[in-house]
Amino acid sequence: LTSLFRTDWHPGGFAWMLRSREFLEELLPRWPDAEWPRFLRQTEVRKGRQCIIPEVSRCHPGSAPATTDEAGMRRDERAAFEDFQLPVLWNQESSSLNLGDVRRMLPGSYEKLLLSDWPGDESLAKSQVVESVRALSSVDGGNHRLVVDDAPGSWAKAAAYLRLWPHVEPVIRASYRGSLRLRWRGGVLHVLRQSSPILKRAGLSAGTTS
C-alpha cells in the first residue's frame, strides 16, 4: 500500500492534486468544456511533467465516464471501463498510511530506486528476462522483465495477454519512460518497450521477446 510510482501518464478523471498556481495561471484559461481528462494528457499540456501514483489505487470509479455525446464512442468507453478499470484492485482497508521518506520520489532518486535500489532485489537491473509472452504462464514469483518491440501491433498483443490498455499514444498508461512495473504471479514483472531509455540506463540489452 505504501509503494509509489512516477509516471508520464495523467490519471485524468480520477482523484488528483496539482499546484494551485499551475492550475489557475496555466490550465484554467485553456480549460475545455468537455473531455478534460484527454486535455490533461496532451503532450503540449503535459510538457514532460510527471505524476506520482500509488501502486494500489486509492479510489475506484462507480460508473463509466460520460465524456462524449457520440453513441459509438460511449460504447467503446464503457467496454474499456469494464475491461480495464472495474477489475483494478483498490485500497479499502486503510484510510491513513505512512508513506515514509517521499524524497525517494524526486526524479533522480526515483530512477535510481527503480533501476538498482528497489528493496527485495526487485529493481530492473536485477530482473531476469522472459523470452516470450507465452512464457509468462510458467513464471512464478521472482523478478522478471519482458521487452516488447516497437513494431505496430506488438504492444497491443502483449497488453491483451496482460490485460493492459492496448494503446501507446500519447503514452502507455501508468508507464515511466516506456516501462511498467507490475505484480505478476507472486513476483514483479517489468514490461518495457524496446525504445525505452530505461533499458540502457539499467545496463540491459534492448533485445526483444516474442
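Student: What does the side chain of Ser179 have a polar atom close to, going by distance, at Tyr176?
Tutor: In this predicted model, a polar atom of the Ser179 side chain lies 2.7 Å from the backbone oxygen of Tyr176.

Student: And is Ser179 buried or exposed?
Tutor: Ser179 is buried, because its relative accessible area is 8%, and the cut-off for buried is under 20%.

Student: Which element is Ser179 in, and what does Ser179 contact beyond its sequence neighbours?
Tutor: Ser179 belongs to strand S5, which runs over residues 179-184. Leaving out neighbours within four places in sequence, Ser179 is in contact with Leu114, Val191, Leu192, Ser196 and Ile198.

Student: What's phi doing at Arg163?
Tutor: Arg163 isn't a glycine, but its phi is positive, about 60°. Arg163 follows H6 and is placed in the loop between H6 and S5. Arg163 counts as exposed, because its relative accessibility is 54%.

Student: And phi of Glu35?
Tutor: Positive too, near 55°, and again in a residue other than glycine. Glu35 is in the loop between helix H1 (20-27) and helix H2 (36-41), and at 27% relative accessibility it counts as partly exposed.

Student: Back to H6. Which of its residues are buried?
Tutor: Ser154, Trp155, Ala158, Ala159 and Leu162. Looking down the axis of H6, these buried residues fall within an arc of 125°, so they line one face of the helix.

Student: Why would residues three or four places apart point the same way?
Tutor: Because an α-helix has 3.6 residues a turn.

Student: What's exposed on the other side of H6, and what covers the buried residues?
Tutor: Lys157 and Ala160 are exposed on the other side of H6. The cover over the buried residues includes strand S4 (143-148), S5 and strand S6 (187-193).

Student: How many residues are in the largest nonpolar core?
Tutor: It has 18 residues, and those with the most contacts inside it are Leu136, Leu146, Trp155, Leu162 and Val191. S4, H6, S5 and S6 are the elements that give two or more residues to this core. The largest share, four residues, comes from H6.

Student: What does Trp155 touch?
Tutor: Setting aside residues up to four places away in sequence, the contacts of Trp155 include Val148, Leu164, Trp165, Pro166, Leu180 and Val191. Apart from this core lies another, of 17 residues, among them Leu113, Leu114, Leu115 and Leu124.

Student: Switching to rings: how many aromatic pairs are there in the whole structure?
Tutor: Seven. Take Trp16 and Trp36: their ring centres are 6.3 Å apart and their planes are at 55°, so the pair is tilted. This pair links distant parts of the chain, 20 residues apart, with Trp16 in the loop between strand S1 (4-7) and H1, and Trp36 in helix H2.

Student: What about Phe23 and Trp31?
Tutor: They form an edge-to-face pair, 5.5 Å centre to centre with 70° between the planes. Ring pairs link Trp16, Phe23, Trp31, Trp36 and Phe39 into a cluster.

Student: Last one: which rings do Arg173 and Arg181 lie over?
Tutor: The charged end of Arg173 sits over the ring of Trp165, 3.8 Å from its centre. Arg181 lies over the face of Trp118, at 3.9 Å from the ring centre.

Methods. Residues numbered from 1 in each chain as written. Predicted model: local features only at pLDDT ≥ 70, side-chain atom pairs only at ≥ 80, totals over all residues. Heavy atoms only, no water. Buried < 20%, exposed > 50% of the residue type's maximum accessible area, 1.4 Å probe, protein only. Polar contact = N/O pair within 3.5 Å; in protein donor to acceptor, adjacent residues only side chain to side chain. Contact = heavy atoms within 4.5 Å. Arc of directions from axis to C-beta. Core = buried A, V, L, I, M, F, W, Y, C linked by side-chain atoms within 4.5 Å. Phe/Tyr/Trp six-rings, centres within 6.5 Å; stacked < 30°, edge-to-face > 60°. Lys NZ or Arg CZ within 6 Å of the ring centre and 35° of its normal.
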